[in-house]
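Here are my notes on the model, point by point. Please read them with the structure open.

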Amino acid sequence: MDMMIPLGGGNEIGASAYLYFIGGRKILIDYGIRFNNKESFPDLEFLKSLAPEIDAIIITHAHIDHCGAFHIASSLYPDTPVITTFETAELLSLMVEDAIKVRYIGREEESFTEYKLFDEAFLRIERKDFFEPFTFGDIEITLFPAGHILGAASVLFKWDGKSLYHTGDISLKDQFTVKGAVLPDEKVNFLVMESTYYYTDRDGGDETSLVEGVKEIVERKGKILIPVFALGRAQEIISILKEGMMKGEIPPINVYVDGLAREVCNIYEHNIDKEFFNFYIQPAPFYEGLSYEEACEENLREADCIIATSGMLMENTPSYIYGKLIGKRANNGIIFSGYLSEESFGYRLLKEKKKLKNFKCQILKHHLSAHGSGKDLRMIESVLSPDKVILVHGYPSKEKRIRHAANREVVYL
């Protein structure tokens, strides 16, 4: 019997992992991590008990909530290929390695085993082009551009006269750095769709208010920190600031990009033939002989704006260190641009600034997202006209969870 079981990323955002039993085959889509340290991974024992063997692991894109533990899952299935796009494979090498490094801060000697698993899993990756079908037994699989970020893929399955489209994280809207998603030009029987903004009226962007916030702080001679996700969000914000300065909407300012975002920009540049750095926007310099905090202080003397990871101001990350420094002065500002998990320091700062006496600066929150709006997600339903819709990757209210799949729930296809 055909079915799908979310091991994570069902009625939550984080730890995405979806096990499919279709056409007599077992296929795992994604295996990410959560943004907390209590239950970081999807249920590994449950996966192994359900599927002692699987035919393929497919990674939709390189955000760590979808790929951050793929090497852990892959270690259980050493003969199983890991399928993804060329761009995602390149980004995985950076993103997952960094996630391991962050997880073992302060206990680096314990990280060797996991790095070894990552190296072994990376050798199992098979890179696929968009729109080029490949098969496992009687199942035909095609990867479609999902928008969202560089290399992101949606997955179309065809088997036994049936079809299923797994969107992964998807956006129909063109961004500065990637075009919007391309949908199959045919009806599908089953649609498994992310629902990040399905239950809201939000659209994907708030570029104007971000530019206005930056301008306001600059004009009062303050310094700015924009915490970012290194992959996707950083490149979009750099592009927004560049355009804002070119149009005269923002005064010319010195911008430093720090943390993992620097390396991600390099991968983007040679894949999309777009330059991110120029006279005004530069990678943050390195300083020999200085501690990292001392280097951040030096950067703040030179730069008007810092773009740094992590986007949630997680402790022990570059943005957290910059945040502590910028927070000391009331004319400075921290501008959040996206999702903040309740476990993050950024969420606490946004909600409880009055309790954090060391943060005197202004705190702004602007909505920028590479996820489809509720309107766009409903458009995908209309275009693909599925017989059954299964929603994942979201937080449904009690009255709206009828079509939503919860973690560990068996969904029959």
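1. A salt bridge here is a side-chain nitrogen of Lys or Arg within 4 Å of a carboxyl oxygen of Asp or Glu. By that criterion, the structure holds 17 salt bridges. Keep in mind that this is a predicted model.

2. Start with Arg-25 and Asp-55. They form a salt bridge, and their closest N and O atoms are 3.0 Å apart. The pair links distant parts of the chain, 30 residues apart. Arg-25 belongs to strand S3 (residues 25–29). Asp-55 sits in the loop between helix H1 (44–50) and strand S4 (56–58). Arg-25 is partly exposed, with a relative accessible area of 28%. Asp-55 is also partly exposed, at 22%. Buried would require under 20%.

3. Next, Glu-120 and Lys-116. Their salt bridge has its closest N and O atoms 2.6 Å apart. Both residues lie in helix H5 (residues 112–122). They are 4 residues apart there, so about one helical turn separates them. Glu-120 is partly exposed at 30% relative accessibility. Lys-116 is partly exposed at 43%.

4. Lys-158 and Glu-186 make another salt bridge, at 3.2 Å from N to O. Lys-158 is partly exposed, with a relative accessible area of 27%. Glu-186 counts as partly exposed at 30%.

5. Now the sheet. Six strands form an open sheet in the order S14-S13-S15-S12-S16-S17, and the pairing is parallel. Which strands stand at the edges? They are S14 (281–283) and S17 (362–365). Each has a single partner strand, so one side of each is left without a neighbour in the sheet. From one strand to the next, the twist averages 20 degrees.

6. Look inside that sheet at strands S12 (residues 224–227) and S15 (residues 305–308). They pair in the parallel sense over 4 bridges. Ile-224 stands opposite Cys-305 in S15.

7. Two helices to check against the sheet. Helix H9 (residues 292–302) packs on it, touching strand S13 (255–258) and S15. The direction of H9 makes about 160 degrees with that of S13. Helix H11 (residues 345–352) also packs on the sheet, touching strand S16 (333–336) and S17. The direction of H11 makes about 115 degrees with that of S16.

8. The largest nonpolar core has 88 residues. Those with the most contacts inside it are Leu-28, Phe-70, Tyr-165, Val-214, Ile-226, Leu-241 and Ile-307. Which helix gives the most to this core? Helix H4 (residues 86–103) does, with 7 residues. Apart from this core lies another, of 26 residues, among them Ile-22, Phe-136, Leu-143 and Leu-164.

9. Finally, Ile-307. Leaving aside residues up to four places away in sequence, Ile-307 touches Ile-226, Val-228, Ile-237, Ile-238, Leu-241, Val-255, Tyr-256, Val-257 and Asp-258. Ile-307 is also one of the residues with the most contacts inside the largest nonpolar core.

Key: Residues numbered from 1 in each chain as written. Predicted model: local features only at pLDDT ≥ 70, side-chain atom pairs only at ≥ 80, totals over all residues. Heavy atoms only, no water. Core = buried A, V, L, I, M, F, W, Y, C linked by side-chain atoms within 4.5 Å. Buried < 20%, exposed > 50% of the residue type's maximum accessible area, 1.4 Å probe, protein only. Contact = heavy atoms within 4.5 Å. Pairing = 2+ DSSP bridges. Axes fitted to C-alpha atoms, helices over the stretch in contact; angles between N-to-C directions.
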